[in-house]
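This report covers one protein chain, from its overall make-up to selected side chains. Please read it alongside the sequence and the model.

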Amino acid sequence: MSSVGATEEYAVGSAADIPEGGRLVVDVGSKTIGVFRVEGLLYAWENTCPHQGGPVCQGLIIPAVNEVLDEQRASAGFAFDEGDMRIVCPWHGFEFSIATGRHPASARFRLISVSVKEQDGTIYVSF
Ligand code: FES
């Protein structure tokens, strides 16, 4: 742990602990943090769902599901969007973008971001 002003930095694991598409949920200081790797980028969020406080970072990781429309704009079924990975809160099923922390339908619900970086094979979060 090192200190930069009021922000504390914590080593939470090695790069190998979070392979592509993976996650690591760790207790860090006074918080529980979920760290995710999507398309090579790391994202970290507090493990507290903005709905009712559930352990959102421990939910299913799934691609967004989008409705496909035909030329007449009638439904042609549904398709996964691997470019928009979501996490699904295990308590009531709210979905959040892993990349943005946003709920797809409501700006009221948004995950709390945590700064994350990878340096020399170690992953650090700071807050
Ligand atoms: S607490 Fe997460 S969906 Fe309700």
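## Basis of the values

This is a predicted model, in which local features need pLDDT of at least 70, side-chain atom pairs count only at pLDDT 80 or more, and totals for chains, interfaces and linings use all residues. Residues are numbered from 1 along each chain as its sequence is written, and side-chain values use heavy atoms, with hydrogens and water left out.

## Overall make-up

The protein chain has zero helices and ten strands. Helices (H or I, at least four residues) and strands (E, at least two) are DSSP runs, numbered from the N terminus. Along the principal axes, the C-alpha atoms of the protein chain fill a box of roughly 60 × 30 × 25 Å.

The accessible surface of the protein chain is about 7300 Å², and carbon and sulfur atoms account for 50% of that. Accessible areas come from the Shrake-Rupley method with a 1.4 Å probe; for residues, only the protein chains shown count as cover. Of the 127 residues of the protein chain, 37% count as buried. Buried means under 20% relative accessible area, exposed over 50%, and partly exposed in between (1.4 Å probe, protein chains only). Among contacts (heavy atoms within 4.5 Å) between residues at least 6 apart in sequence, 45% join residues at least 24 apart.

## Aromatic pairs

A pair of aromatic rings is described by the distance of the centres and the angle of the planes. Rings of Phe, Tyr and Trp (its six-membered ring) pair if their centres lie within 6.5 Å; planes under 30 degrees apart count as stacked, over 60 as edge-to-face and the rest as tilted. The structure holds two aromatic pairs. Tyr10 and Phe127 form a stacked pair, because their ring centres are 5.2 Å apart and their planes are at 25 degrees. This pair links distant parts of the chain, 117 residues apart: Tyr10 is in strand β2 (residues 7-14) and Phe127 is in the segment after β10 (122-126). Tyr10 counts as buried at 16% relative accessibility, whereas Phe127 is partly exposed at 26%.

The rings of Phe94 and Phe109 have centres 5.1 Å apart and planes at 85 degrees, so this pair is edge-to-face. Phe94 lies in the loop between β7 (75-88) and β8 (95-97), and Phe109 in the loop between β8 and β9 (113-119), 15 residues apart. Phe109 is buried, with a relative accessible area of 12%.

## Surface patch

Val65, Phe78 and Phe80 form a nonpolar patch on the surface, with about 370 Å² of accessible area together. Patches are made of residues with over 30% relative accessible area and no salt bridge: like charges are joined within 9 Å, nonpolar side chains (Val, Leu, Ile, Met, Phe, Trp, Tyr) within 5 Å. A salt bridge is a side-chain nitrogen of Lys or Arg within 4 Å of a carboxyl oxygen of Asp or Glu. Val65 belongs to strand β6 (residues 60-69) and is partly exposed at 46% relative accessible area.

## Loop residues

Thr48 is in the loop between β5 (41-46) and β6. Not counting residues up to four places away in sequence, Thr48 touches Gly53, Gly54 and Val56.

Arg73, in the loop between β6 and β7, has a positive phi near 60 degrees and counts as exposed at 65% relative accessibility. Asp120, in the loop between β9 and β10, has a positive phi of about 50 degrees although it is not a glycine; at 76% relative accessibility, Asp120 counts as exposed.
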